[in-house]
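Open the model in a viewer and keep the sequence panel beside it.

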Amino acid sequence: MQLISKSRKGVREALAQEGWHFVLVTSSQELSEHATNCRTLNLPAGSESDNRVRSIREETLRQLPWEFRRNSLPRWLSYISKDARRRLQHYLPVTAEFCLTHGFIFLLADVWAERDRGRWRVHRPDGPAVLFQDQELYFWRGWRVSRRAVMNKPTAERILAEPNQTDREVMLQRIGVENFIQEAGLKHTDTFRDSTLLKVDTVEKTGGWQDGKWQEVPLSIAFLRVICPSTQKTYFLRVNPAVETAKVALESTLPGYTRDWTRDLVAET
């Protein structure tokens, strides 16, 4: 684990002058063993005045599952100097415990992220986004997903056979809407003017009333194919699979529209 070794070195260098003992662990199991075998203490939050401006890594680590980051805020940051905090910014541990034997026990991990509209989110398109020594976590644009959603080649067959909705959405983003529509062979459900409603069933089931009784029906993926009047380009809009007509699907893409829809909007598009 070359990257984790780099993180370990960075943390040691950043905290070398702080004057207290600490232990670095690289697996959640090691941290749990310390918490079980050592006498741990819950530290108060301390002063929050210099913690209001959070680092990029702090913002990213708050997105990790609770079982890894333990505390909602890194309270131990209040007990180190500002200089050490600046040096530690790129190698900030995932979480920390404090015991009377070892001092601070820091859990290290390598984390990948991307910036989207001014905010950072955990993401890696070609491997685990969070890497511990004993396990890997996969994320796609801030969503925690399974390994297969990121590492397996996305195909229409796999998307339709995927029972997990989040994994299915990730694979759909990876393959692209137009490629998916071509491979999956979506059926033309309804047409309104130049718009066509396309649907295909997945293996996932959803409940609904049909013929006066509750039935389990396949959950569909639905798109509305529209044509731009000025460029004549075709676009596919994701719509609610519950809609039955292309007109209702087109109206659903403009929530809160109050003009005479048939007269004005259709004439414009």
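**Stop 1: the hairpin**

Select Arg-117: this residue takes a positive phi near 50° in the hairpin of β6 and β7, which has two residues between the strands. Strands here are DSSP runs of E with at least two residues, and helices are runs of H or I with at least four, both numbered from the N terminus. The model is predicted, so local features need pLDDT of at least 70 and side-chain atom pairs count only at pLDDT 80 or more, while totals for chains, interfaces and linings use all residues. Residues are numbered from 1 along each chain as its sequence is written, and side-chain values use heavy atoms, with hydrogens and water left out.

Ala-113 has Val-122 in β7 as its bridge partner.

**Stop 2: the open sheet**

Next, show the open sheet of four strands, with order β1-β4-β3-β2 and mixed pairing. Residues 22-25 (β1) and 40-41 (β2) stand at its edges; each has a single partner strand, so one side of each is left without a neighbour in the sheet. For β2, follow the antiparallel pairing with β3 (residues 95-99), made over two bridges. Here Thr-40 is bridged to Cys-99.

**Stop 3: the largest pocket**

Now select Arg-57, His-90, Tyr-91, Asp-110 and Val-111, which lie nearest the centre of the largest pocket among its 15 lining residues. On a 1 Å grid over the protein atoms alone, a pocket is an open set of points where a 1.4 Å probe fits, with protein on both sides within 12 Å along at least five of seven lines; lining residues have an atom within 4 Å of a point. The volume is about 420 Å³, taken as the space filled by probe spheres set on the points, which are joined across faces, edges and corners.

Colour α1 (2-15), α3 (56-61) and β5 (110-111): each supplies at least two residues of this lining. By class, the lining has eight nonpolar, four polar and three charged residues. Ala, Val, Leu, Ile, Met, Phe, Trp, Tyr, Cys and Pro count as nonpolar, Asp, Glu, Lys and Arg as charged, and the others, Gly among them, as polar.

**Stop 4: the second largest pocket**

Move to the second largest pocket, with about 350 Å³ of space. Select Lys-199, Asp-201, Pro-218, Ser-220 and Pro-241, the closest to its centre of the 16 residues that line it. Which strand gives the largest share of this lining? That is β12, with six residues.

Notes
Two strands pair if DSSP finds at least two bridges between them.
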